[in-house]
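Take a look at the sequence and the 3D structure below. We will walk from a single chain to the place where two chains meet, and then on to some single residues.

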Number of protein chains: 2
Amino acid sequence: MAKSLKSYIEDSRSLIDKALDKYLPEIDHEPKTIHRAIRYSVFSGGKRIRPIIVLEACKTCMPRRHHFADALVIASAIEMVHTYSLIHDDLPSMDDDDYRRGKPTVHKKFGEANAILAGDALLTLAFNVISKCLDARTGFTAVKKLSEAIGTYGMVGGQAMDISFKNKRISAFTQKRINNLKTAKLFEVSAKLGAIAAGTSDKKIRAMAEFGESVGSAFQLVDDIMDSDNFSTPSLEALKIRALAGDATIKAISALEVFGSDADRLREIADFMLKRRI
Amino acid sequence: MAKSLKSYIEDSRSLIDKALDKYLPEIDHEPKTIHRAIRYSVFSGGKRIRPIIVLEACKTCMPRRHHFADALVIASAIEMVHTYSLIHDDLPSMDDDDYRRGKPTVHKKFGEANAILAGDALLTLAFNVISKCLDARTGFTAVKKLSEAIGTYGMVGGQAMDISFKNKRISAFTQKRINNLKTAKLFEVSAKLGAIAAGTSDKKIRAMAEFGESVGSAFQLVDDIMDSDNFSTPSLEALKIRALAGDATIKAISALEVFGSDADRLREIADFMLKRRI
């Protein structure tokens, strides 16, 4: 490949950040505190993995056309949804986190009320950007698939279950279900909507959705190890989880078969995610 | 009119409640606590004023056709949005209310984390129901207008300003601005989307939006008096606000001129709202 994966990803991030900057409200417009809180949380060093998957899924499905303005809108909306979920998850009554990516969480910096409202606003803005910037054909499908993926049968359901089982022993099956809802669903819809933006076949959309779900599962599993373990002396439990993450990544890469070499970047990204270099 | 306004409104409420019951997730599906919290808050004696305005706006615009399935979907989505806003506004870090309509607020009954998630879920569900039950033409417009009305330049912005000025003296101008964003915008979009569901002219859609905004302002003004005053000995301030509410109602009714007698019910409803019989 002409460009190293690292600089390729940097270029994607830069595109995504520019799009987000365009779509987010300016901080000198009222309500200023909410707009400041929104920009503080969105531009706080996120890795942009989900939006990168949207863009890459789109490119994989239409490798000879590099016009992917629709995918960039969807990518921005997905990152807004992801950021809203982090702001609300960090709240004192939820995971009660004071820091994220080394910086004070939104409620620590702007107060709880503003953090709740900033999250509400980002969720609302995600749907607003889709409805303002896409045509009805792609955009209406995006609203439907996205709202399904992040409601009580998706991301919010996963967070609710996670909280209800806090500090309780749960089965591996239940943990897998929580991870699927809380994390994998948003990855799944990211890859799916990238393919839909490209206007590809149903078969390829399904393949891309499967890729997204599996790569999301792998991502969450690696997260769990990083949260719970000391890397220098991995426990048996951590090794088991790492093996599961490897399996999920293999499944993700297998789902890409139908795309042939067009999906090479996406395969590299899946591998990079497993090794947490992205 | 054949039917008394009171029984007419009862019939509308019953239609809306049936639609909401159909669209809300069942409590025996996981995450059960969130689904219980959602149903608890939606079915807790709300007056359904906003969804009634959606339905009535639709009927006014197409008085000879009584097929208004689309308006009923939009009405349900608007009530979900309204309920989400109440759940989040009641939270300890916001208005810190223990009771609403004589019953414990959602966070009092289900805990704060579940209240935040139930609100998030209702907001998401509003967009999901629209995208699942409407065609792209009406539905995509509804997503756009609704998300505009409830974001930082609408409802959330109003709540943010309200909180930032808490216990501070503010000008009548600022108070009007807050009321407009926090309350009138959702009434405005309710009336507007009812007209859009009816497929009427741009001129009538604009007239209906103006009606909605004015009637929403009147509603919020009356609310302010009821919150702050003793009705048996009204203060000068309360009399002033009541006069403003009267003016707003007159403005609302004037906006309906273009509809002639087709808008008679809507005029009655505006009058009823001013007198708080609805």
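Start with the order of elements. Along the sequence, chain A runs α-α-α-α-β-β-α-α-α-α-α-α-α-α. That comes to 12 helices and 2 strands. Keep in mind that this is a predicted model.

How compact is chain A, with its 278 residues? Its radius of gyration is 18 Å. The globule rule gives 19 Å for 278 residues, and the two values are close, so chain A is as compact as a globular protein of that length. The C-alpha trace of chain A spans about 50 × 50 × 35 Å along its principal axes. Of the 278 residues in chain A, 55% are buried. Now consider the contacts in chain A between residues at least 6 apart in sequence. Of these, 69% join residues at least 24 apart.

Next, bring in the second chain. Two copies of a chain are related by a rotation about an axis and a shift along it. Here, a rotation of 180 degrees superposes chain A on chain B, with 0.0 Å of shift along the axis. The RMSD is 0.0 Å. The two copies are thus related as by a two-fold rotation axis.

Where do the chains touch? The contact takes 42 residues from chain A and 42 residues from chain B. On the chain A side, four helices each supply at least two residues: α2 (32–42), α6 (112–133), α7 (136–150) and α8 (155–164). Which helix gives the most to this side? It is α6(A), with 14 residues. Sorted by class, the side of chain A that touches chain B holds 20 nonpolar, 15 polar and 7 charged residues. Does each copy use its own surface or a shared one? Of the interface residues of chain A, 100% are also interface residues in chain B, so the copies meet through the same surface.

Now turn to one helix, α2 of chain B, residues 32–42. Which of its residues are buried? They are B:Ile34, B:His35, B:Ala37, B:Ile38, B:Ser41 and B:Val42. These residues cover an arc of only 160 degrees around the axis, which puts them on the same side of α2(B). What covers them? From chain B, the cover includes α1 (5–23), α4 (69–90), α5 (106–110) and α6 (112–133). From chain A, the cover includes α8.

The bond from B:Glu30 to B:Pro31 is cis, with omega near -5 degrees. B:Pro31 sits in the loop between α1 and α2 of chain B. Chain A has a cis bond too, from A:Glu30 to A:Pro31, with omega near -5 degrees. A:Pro31 is found in the loop between α1 (5–23) and α2 of chain A.

Two other loop residues in chain A deserve a look. A:Arg101 is not a glycine, yet it has a positive phi of about 50 degrees. A:Arg101 lies in the loop between β1 (99–100) and β2 (103–104) of chain A. Is A:Arg101 buried or exposed? A:Arg101 is exposed, with 11 other C-beta atoms within 10 Å. A:Asn167 is not a glycine either, and its phi is positive, at about 60 degrees. A:Asn167 is in the loop between α8 and α9 (172–198) of chain A. A:Asn167 is exposed, with 4 other C-beta atoms within 10 Å.

Now go inside. The largest nonpolar core has 192 residues. Which residues have the most contacts inside it? They are A:Ile74 and B:Ile74. Leaving out residues up to four places away in sequence, B:Ile74 touches B:Val54, B:Ile130, B:Ala142, B:Leu193 and B:Ala197.

Finish with B:Glu213, in helix α10 (residues 202–228) of chain B. Is B:Glu213 buried or exposed? B:Glu213 has 24 C-beta neighbours inside 10 Å, so it counts as buried. Setting aside its neighbours within four places in sequence, B:Glu213 is in contact with B:Ala184, B:Phe187 and B:Glu188.

Terms used: Residues are numbered from 1 along each chain as its sequence is written. Chains are lettered from A and ligands numbered from 1 in the order in which they are written. This is a predicted model: local features need pLDDT of at least 70, side-chain atom pairs count only at pLDDT 80 or more; totals for chains, interfaces and linings use all residues. Two residues are in contact if their C-beta atoms, placed from the backbone, lie within 7 Å. Ala, Val, Leu, Ile, Met, Phe, Trp, Tyr, Cys and Pro count as nonpolar, Asp, Glu, Lys and Arg as charged, and the others, Gly among them, as polar. Copies are superposed by least squares on the C-alpha atoms of residues with pLDDT of at least 70 in both. A residue is buried if 20 or more other C-beta atoms lie within 10 Å of its own, exposed if 12 or fewer, and partly exposed in between; C-beta atoms are placed from the backbone. The arc is that of the directions from the helix axis to the C-beta atoms. The radius of gyration is taken over C-alpha atoms; the globule rule is 2.2 Å times the number of residues to the power 0.38. A nonpolar core is a set of buried Ala, Val, Leu, Ile, Met, Phe, Trp, Tyr and Cys residues joined through C-beta atoms within 7 Å.
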